[in-house]
Amino acid sequence: MTKRFLQRDIVIPGEGAAMLADAIERIAQPSRRDFLKRSLTLGGLTLLTGCATDDQDSIEAALMRISRFNDRVQGWLFDPTRLAPTYPESMMTDPFPFNAYYSEDEVRDIDGDAWRLELSGLMADRRPWSLAQLRALPQQSQVTRHICVEGWSAIGKWGGVQFSHFLRLVGADLSAKYVGFKCGDDYFTSIDMATALHPQTIMALTYNDQPLPPRYGFPMKLRMPTKLGYKNPKHIHAIFVTNTYPGGYWEDQGYNWFGGS
Amino acid sequence: MPANERTIHPAWLRITHWLNAIAVVLLVTSGWRIYNATEFMGFGIPRSITLGGWLAGALQWHFAAMWLLFANGILYLLINAFTGRLKRQFFPIRPRELVSELGAALRGKLAHDDLRHYNSVQKLAYVFVMFDSVVLVLSGLVLWKSVQFPLLRELLGGYEGARRIHFFAMAGLCAFFVVHVVMVVLVPRTLIAMLRGR
């Protein structure tokens, strides 16, 4: 996601009032403040009409319910053994695009020596992990296609620890519904357990055989070729297993939670 | 099949037609907004004619309206096939008739005496839009679930191939829509027939 796609413009004439009222309500939510700064335009104010706020809200609520229904359909369609296609290294996209909810000059600089991966929730061994400890685990790599919700795609090579191996190692409750992630760039997201256990879901520590550079999520990102880009969190510093729906940075704003292919 | 001799379009056809029209308008306008996130054809669609407000909103509309298009489309095709209407109304399409009727249509001399019978140009246009809609649904399925449908994905040229097919099939649908609406304006009786059946 890049900033330019966050603008919330007036779409249907007459929606102005509803959208404005909706927007005012959203100011209360910190995660929405950023894009509101860019979305409350003069155009939005001049389009004020007598349109009822309730209509706009009920449409948004209905669309959100359908999106959650689509989560269930996708969970049902998801075959845990079906692999995403892999590619020869010659097909890698160079340079691999940078993408985040902030621009590239705002990439966080994280100290790998001080970094610890914190674990919480439904797992037996919640001791934190250092980068050296993770690098000592069995590693695997993949050349796969990263598909962004914006529509573009790019092929990259990631290496790291198979997530299912790690979850078993720490005694995670594999029957739990969700695995959540908190990141060093204040991003957060969560995934379904079936995808967490997918053989191509890896805790990526390298990109193109080199330690993950800061712009791709140093020291660790979760790489899932079965999910869209915004479901692949970077700079992860905490992982938790839960049965309570954790949502996510983009998901809470309306992007589909399952977000997978 | 037709109980009433005067019936041009049976009720099920009119209902599925208008539901399809709603689905298509929602899908195309939200799809334009989704397309605008990358503008991979090198141009953007004016925001004022797109639906959803921003990418997430457009995606929500798109992935809601797809169910309407899909369910309604299946219903339409099944009833059409099982009542024999598909074969009766749309086939055969004879190339010779098509050429002469296309010429007549372009000169504005194509007759529309009996709205129950389609001329060859209509037959081809309607069969095209049925096929095009199926292509849209299948390519959309690859874009949504590219990992889960490997055979379909490879048939459509991979994720990126499916993306382009989805775009061009949309363009084909829009072209049909424009001609369709122009024809309705030229022969307004067709609109009445699609509303009240006679």
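I began with the contact between the chains, keeping in mind that the model is predicted. I found 28 residues of chain A in contact with 26 residues of chain B. On the side of chain A that touches chain B, helix H4 (53–77) and strand S2 (140–147) of chain A each supply at least two residues. H4(A) gives the largest share of that side, five residues. I then sorted the side of chain A that touches chain B by class: 12 nonpolar, 10 polar and six charged residues.

Next I looked up the cores. The largest nonpolar core has 36 residues, and Leu27(B), Leu55(B), Leu59(B) and Ala65(B) have the most contacts inside it. Helix H1 (11–35), helix H2 (55–82), helix H5 (120–144) and helix H7 (158–186) of chain B are the elements that give two or more residues to this core. Its largest share, 10 residues, comes from H2(B). Apart from this core lies another, of 31 residues, including Ala172(A), Phe181(A), Ile202(A) and Leu212(A).

I went back to Leu27(B). Leaving out residues up to four places away in sequence, Leu27(B) touches His62(B), Ala65(B), Met66(B) and Leu69(B).

Last, I took chain B as a whole. I noted eight helices and zero strands. The radius of gyration of chain B is 18 Å, close to the 16 Å that the globule rule gives for 198 residues, so chain B is as compact as a globular protein of that length. Along the principal axes, the C-alpha atoms of chain B fill a box of roughly 50 × 35 × 35 Å. I recorded 28% of the 198 residues in chain B as buried. Of the contacts in chain B between residues at least 6 apart in sequence, 62% join residues at least 24 apart.

Technical notes:
Residues numbered from 1 in each chain as written. Chains lettered and ligands numbered in written order. Predicted model: local features only at pLDDT ≥ 70, side-chain atom pairs only at ≥ 80, totals over all residues. Contact = placed C-beta atoms within 7 Å. Helix = DSSP H or I, 4+ residues; strand = E, 2+ residues; numbered from the N terminus. Nonpolar A, V, L, I, M, F, W, Y, C, P; charged D, E, K, R; others polar. Core = buried A, V, L, I, M, F, W, Y, C linked by C-beta atoms within 7 Å. Buried ≥ 20, exposed ≤ 12 C-beta atoms within 10 Å, placed from the backbone. Rg over C-alpha atoms; globule rule 2.2 N^0.38 Å.
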